Amino acid sequence: MTKGRPLILSAILFAAACLPLVAVRVAAQQTDRAKQIGGKFMCMCGCNQVLTQCNHVGCTTSTAMLKELDHTVNRGDSEDTVTQMFVQEFGTTVYAEPPHSGFSQVAWAMPSVYLLVGTVLVIFVISRWRKRPIHQVATAGPSGGISADLIERARARAAQDTED
């Protein structure tokens with residue numbers, strides 16, 4: 001039995017020595033998780049930057065938001081809980097991109113719809129222009145509504161103005 005005690009004592013000491021390494025790794029994973037979640041929100045100081053990338057010197061808003069985010073992640077709250085907490089505090093403007101649900105799907109779909117409608121409209125206008133008969137194009141001359149007398153006076157005036 002005395003031979004087994006040093007072995008057990010060594011195993012306990014080894015486990016105790018590894019415990020801080022495990023704690024550091026868990027903390028790093030939580031920090032990475034906090035950064036990943038924080039990248040989905042905007043800093044509410046008015047800089048229009050993502051929360052984790054706000055680079056204002058002395059920005060108290062991003063510091064407070066990040067501290068609150070770290071606290072909730074360390075508590076073990078889910079991403080949905082953190083999101084709901086920020087939405088309740090700041091409103092839906094806290095989102096860095098609109099969520100993919102409900103009415104926000106319209107915000108995702110409208111650029112594609114606008115592109116499609118614009119393309120169809122341009123094709124329609126160009127096809128109408130190409131189908132117009134040539135004789136509808138207005139021409140200068142006696143049939144254009146300007147009398148020959150006015151044309152001659154304009155030519156004489158232009159000749160007189162251009163003489164040196």
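**View 1. Cys45 and its closest cysteine sulfur, in Cys43.** In this predicted model, the sulfur of Cys45 lies 3.5 Å from that of Cys43, which is too far for a bond. A disulfide is counted when a pair of cysteine sulfur atoms is within 2.5 Å. If the word is new to you, a disulfide is a covalent bond between the sulfur atoms of two cysteines. Cys45 itself is partly exposed, with a relative accessible area of 32%. (Buried means under 20% relative accessible area, exposed over 50%, and partly exposed in between, using a 1.4 Å probe and protein chains only.)

**View 2. Cys54 and Cys43.** Cys54 is buried, and its relative accessible area is 16%. How many disulfides does the rule count? The count is 0.

**View 3. The helices of the chain.** You can find 5 helices and 0 strands here, in the order α-α-α-α-α along the sequence. Helices (H or I, at least four residues) and strands (E, at least two) are DSSP runs, numbered from the N terminus.

**Notes on the views.** Residues are numbered from 1 along each chain as its sequence is written, and side-chain values use heavy atoms, leaving out hydrogens and water. Local features need pLDDT of at least 70 and side-chain atom pairs count only at pLDDT 80 or more, while totals for chains, interfaces and linings use all residues.
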